[in-house]
Amino acid sequence: MTATVGRSHICRISEDGRRGAGQNRGMDLPVMPPVKPMLAKSVSAIPPGMQYEAKWDGFRAIVHRDGDEVVIGSRTGKPLTRYFPELVTALRENLPPRCVIDGEIVVEHGGRLDFDRLSERIHPAESRVRMLAEQTPARFVAFDILAADATSLLTTGQADRRAVLEAALAGAAPPVHLAPATTDVEVARRWFERYEGAGLDGIVAKPLDLPYRPDARTMYKIKHERTADCVVAGYREHKSGPVVGSLLLGLYDAGGVLQHVGVCAAFPMKRRAELAEELAPLRSGTGDHPWADWARAEAHEGGRLPGAPSRWSGRKDQSWVPLRPERVCEVAYDHMEGDRFRHTTQFRRWRPDRTPAGCTYAQLEEVVSYDLAEVLSGG
């Protein structure tokens with residue numbers, strides 16, 4: 001997925017980020033910023049008869065270029081321009097003089113996408129931004145075009161927009177890339193199986209006659225889904241009151257330490273209240289809890305604990321209710337980012353037949369590695 005900036009990430013860009021570069025003072029394009037990108041809805045299988053692309057795991061970004069002026073907008077429309085100065089230069093060198101292009105900002109490490117390193121690029125200090133631009137340079141992967149020169153392409157069908165995009169980026173060089181695309185469903189199925197090893201998380205399918213519809217879920221995304229048995233070691237209350245908002249999940253590492261690996265949420269309101277009552281007998285103080293140190297900032301430096309400070313959460317209350325780690329649930333997840341679930345998981349069922357001690361990283365499927373360079377070349 002695009003791990004989209006806005007839904008769960010840059011919804012709290014700092015004030016100096018909003019005042020950063022790119023306020024389109026002299027820009028005059030047929031599609032002006034801010035623009036919210038076209039979105040996708042989840043389906044279980046790759047549908048036939050469409051255009052297919054890999055699903056990138058980065059920051060969704062719409063780039064407006066008018067001469068020397070470049071604005072990089074996030075999914076919410078807020079500017080990302082100041083955080084990626086190296087991309088501003090590359091976009092000026094590789095995009096047509098006047099255009100609006102939809103794509104993904106990604107960071108590569110070890111031949112695969114690395115979302116953690118990408119997340120670190122969002123920093124309020126200008127000196128830090130410049131340093132990270134050199135140490136972990138980003139790439140821009142273009143996969144759609146909204147305007148070319150003085151022409152808006154919002155009402156143009158997907159297949160025709162793709163042809164315009166290919167012509168516009170015919171001479172592009174890294175770190176600006178044209179996303180590989182195909183209309184062969186069998187090729188898409190092979191991409192679905194292979195590309196995950198390079199850090200991508202599925203396939204996006206686009207109807208060939210689809211116009212560009214900002215902020216509408218008119219495309220289709222097909223993501224990997226796996227299950228894991230996890231220890232429920234706490235929960236956060238819902239914003240509406242003392243009911244369960246999300247369950248805090250843990251897995252035991254090779255040293256026998258229970259690591260916080262993510263959450264599962266999206267329960268109906270009635271079920272949230274039922275869960276709070278169901279879990280009440282397990283409520284405990286933090287004294288002997290495996291994550292007892294969560295409130296100390298320094299404790300977050302050595303491992304994963306709930307409530308860790310985050311540039312995404314800002315001042316959001318990260319307090320949680322500790323539970324004795326005695327219950328196991330099965331959750332569905334798409335893929336891992338390092339030692340944790342990349343996205344929020346989905347609750348499947350309680351597993352009374354499983355013991356917490358058996359909930360280890362060893363149960364997780366290892367994905368065969370695949371070189372990101374092969375993906376970017378359409379290999």
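Predicted model: local features only at pLDDT ≥ 70, side-chain atom pairs only at ≥ 80, totals over all residues.
Residues are numbered from 1 along each chain as its sequence is written. Local features need pLDDT of at least 70, side-chain atom pairs count only at pLDDT 80 or more, totals for chains, interfaces and linings use all residues, and side-chain values use heavy atoms, with hydrogens and water left out.

Student: How many residues of strand β3 are buried?
Tutor: Strands (E, at least two residues) and helices (H or I, at least four) are DSSP runs, numbered from the N terminus. Buried means under 20% relative accessible area, exposed over 50%, and partly exposed in between, with a 1.4 Å probe and protein chains only. On one side of β3, F59, A61, V63 and R65 are buried, and on the other R60, I62, H64 and D66 are. For β3, residues 59-66, the count of buried residues is eight of eight.

Student: Which residue in β5 stands opposite A61?
Tutor: Two strands pair if DSSP finds at least two bridges between them. β3 and β5 (residues 98-109) run antiparallel and are joined by eight bridges. Opposite A61 stands G103.

Student: Which residue in the turn between β3 and β4 has a positive phi?
Tutor: β4 (residues 69-73) pairs with β3 in the antiparallel sense over five bridges, and D66 stands opposite E69. The two strands form a hairpin with two residues between them. The turn residue with a positive phi, about 65 degrees, is G67.

Student: Why are the buried residues of helix α5 on the same side?
Tutor: In α5, residues 158-168, the buried residues are Q158, R161, R162, L165 and A168. An α-helix has 3.6 residues a turn, so residues three or four places apart point the same way.

Student: Is L208 buried or partly exposed?
Tutor: L208 is in the loop between β11 (203-207) and β12 (217-222). Leaving out residues up to four places away in sequence, L208 touches (heavy atoms within 4.5 Å) several residues, among them M50, Q158 and T183. The relative accessible area of L208 is 36%, which means L208 is partly exposed.

Student: How many charged residues are in the lining of the second largest pocket?
Tutor: Among the classes, Asp, Glu, Lys and Arg count as charged, Ala, Val, Leu, Ile, Met, Phe, Trp, Tyr, Cys and Pro as nonpolar, and the others, Gly among them, as polar. The lining of this pocket has six nonpolar and three polar residues, and the number of charged ones is six.
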